[in-house]
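Visitor: I would like to learn how to read a structure of this kind. Please show it, and then take the features in turn.

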Amino acid sequence: MDFTLEVIPLPVSDIDRARDFYRDKVGFHVDIDQEVMPGMRIVQLTPPGSGCSIALGDSIWDMTKGETRPEPGSYQGLQLCVADIKAARAELLERGLEISEPVQYAPDDGATFMYFTDPDGNGWSIQEYRRRATEPLHHLLAELAKGRES
């Protein structure tokens with residue numbers, strides 16, 4: 001059985017502000033922005049080319065087990081991957097996102113990162129994985145699934 005990670009709830013203090021930030025500054029697509037049941041509004045956004053989304057909502061945490069709900073800004077280390085970090089940075093700067101300069105930790109593919117935070121302080125990194133230019137993740141997953149069908 002496959003288990004796919006498709007949605008990550010993200011703690012924010014203001015759903016509209018967070019939606020606008022992720023849509024306008026980071027370029028995520030708004031998949032859902034509606035009241036999915038009485039009193040429960042969900043905003044789901046997906047990065048371009050991704051199979052995983054983030055979900056914003058006041059009542060999301062009421063449906064999960066656990067004694068505490070995460071505080072807005074408490075998520076750190078969320079990571080996006082791009083094939084060309086310089087092109088990604090230029091696009092994000094053009095959108096008005098405050099983002100760090102790329103930092104290359106080693107010459108290897110996958111060792112260059114840049115960083116930003118959302119309005120609440122949730123921390124993101126963007127990793128350059130040049131291999132994705134010729135081997136997009138969705139193509140690799142489709143090939144893997146095709147192999148399982150054989």
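Visitor: Which strands do the buried residues of α1 pack against?

Guide: First, the basis. This is a predicted model, in which local features need pLDDT of at least 70, side-chain atom pairs count only at pLDDT 80 or more, and totals for chains, interfaces and linings use all residues. Residues are numbered from 1 along each chain as its sequence is written, and side-chain values use heavy atoms, with hydrogens and water left out. Helices (H or I, at least four residues) and strands (E, at least two) are DSSP runs numbered from the N terminus. Contact means heavy atoms within 4.5 Å. The buried residues of α1 pack against β2 (29-37), β3 (40-46), β4 (53-56), β7 and β8.

Visitor: Which residues of helix α1 are buried?

Guide: Buried means under 20% relative accessible area, exposed over 50%, and partly exposed in between (1.4 Å probe, protein chains only). In α1, which covers residues 15-25, these are I15, A18, R19, F21 and Y22. Seen down the axis of α1, they fall within an arc of 160°, so they line one face of the helix. The arc is that of the directions from the helix axis to the C-beta atoms. In general, an α-helix has 3.6 residues a turn, so residues three or four places apart point the same way.

Visitor: Why does R19 count as buried?

Guide: R19 counts as buried because its relative accessibility is 15%. Beyond its neighbours within four places in sequence, R19 is in contact with V30, D33, R41, V43, L45 and L56.

Visitor: What is found at the N-terminal end of α1, and what just after the helix?

Guide: D14 caps the N-terminal end, with a side-chain oxygen 3.1 Å from the backbone nitrogen of D16. Just after α1, G27 takes a positive phi of about 90°.

Visitor: Is M114 buried or exposed?

Guide: M114, in strand β7, is buried, with a relative accessible area of 0%. Leaving aside neighbours within four places in sequence, its contacts include I85, L92, I99, W124 and I126.

Visitor: How many residues line the largest pocket?

Guide: Rolling a probe the size of a water molecule over the atoms shows where empty space is left. On a 1 Å grid over the protein atoms alone, a pocket is an open set of points where a 1.4 Å probe fits, with protein on both sides within 12 Å along at least five of seven lines; lining residues have an atom within 4 Å of a point. The largest pocket is lined by 38 residues, of which P48, G49, S50, G51 and C81 lie nearest its centre. α3 gives the most to this lining, with seven residues.

Note on methods
Polar contact = N/O pair within 3.5 Å; in protein donor to acceptor, adjacent residues only side chain to side chain.
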